Amino acid sequence: MNDPASPSRLDLLRFLERVQPADLERTRRWIADEERREAERQQGEQARPESPDWLIEYGLNRDSLPTAVHTGECTMAGKRSKATDSDTIRRAIAAGVKACTFCRPDSELGILD
């Protein structure tokens, strides 16, 4: 333990003193990076457009008929969904387009089978 070749306690403390500024600078860079990411996230949240009230989902090809209707917040709506108004949703349901069983747009609109 008391090896004459090993550094003294004072030598170790002076080494720590030299190393700490670099560690502090790295920590400050991490904080600045995190603050920048948080500011970008908040800016993205503010720039995000509002979700539509109603969605109508179409099939695979461009000319296909609607396959389902959803509320605007429905997480089950597919990528081929487009925003629309409540009158279009009512007409689609009346024409036999399936109402999503998850978000129940027919119940939301007061349409009873």
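Predicted model: local features only at pLDDT ≥ 70, side-chain atom pairs only at ≥ 80, totals over all residues.

Tutor: Start with a term. Helices (H or I, at least four residues) and strands (E, at least two) are DSSP runs, numbered from the N terminus. D106, for one, is placed in helix α3.

Student: What is D106 in contact with?

Tutor: I93, A99 and I111, leaving aside neighbours within four places in sequence. Contact means heavy atoms within 4.5 Å.

Student: Where is C103?

Tutor: In the loop between β4 (98-99) and α3 (105-109). C103 has 15% relative accessibility, so it counts as buried. Not counting residues up to four places away in sequence, C103 touches H70, T71 and C74.

Student: And R104?

Tutor: R104 also has its place in the loop between β4 and α3. R104 counts as partly exposed because its relative accessible area is 37%. Its phi is near 50 degrees, a positive value in a residue other than glycine.

Student: New topic. Which residues make up the largest nonpolar core?

Tutor: Nine residues: W54, I56, V69, I89, A92, I93, V97, A99 and L109. A nonpolar core is a set of buried Ala, Val, Leu, Ile, Met, Phe, Trp, Tyr and Cys residues joined through side-chain atoms within 4.5 Å.

Student: Which element gives the most to this core?

Tutor: That is α2, with three residues. Both β1 (54-58) and α2 (86-94) supply at least two residues each.

Student: What does I56 touch?

Tutor: Its contacts include P66, V69, R80, I89 and A92, not counting residues up to four places away in sequence.

Student: How many residues does helix α1 have?

Tutor: Helix α1 (residues 9-47) has 39 residues. From first C-alpha to last, α1 reaches 56 Å, close to the 57 Å expected at 1.5 Å a residue. The expected span is 1.5 Å times one less than the number of residues.

Student: Where does α1 bend?

Tutor: At V19, by about 30 degrees, and a proline, P21, follows within four residues. The bend at a residue is the angle between axes fitted to the seven residues ending there and the seven starting there.

Student: Last one. Is A83 buried or exposed?

Tutor: A83 counts as exposed, because its relative accessibility is 58%. A83 is found in strand β3 (residues 81-84). Not counting residues up to four places away in sequence, A83 touches P52, W54 and L55. A83 and E25 are 58 residues apart in sequence and 49 Å apart in space, C-alpha to C-alpha.

Definitions and conventions
Residues numbered from 1 in each chain as written. Heavy atoms only, no water. Buried < 20%, exposed > 50% of the residue type's maximum accessible area, 1.4 Å probe, protein only.
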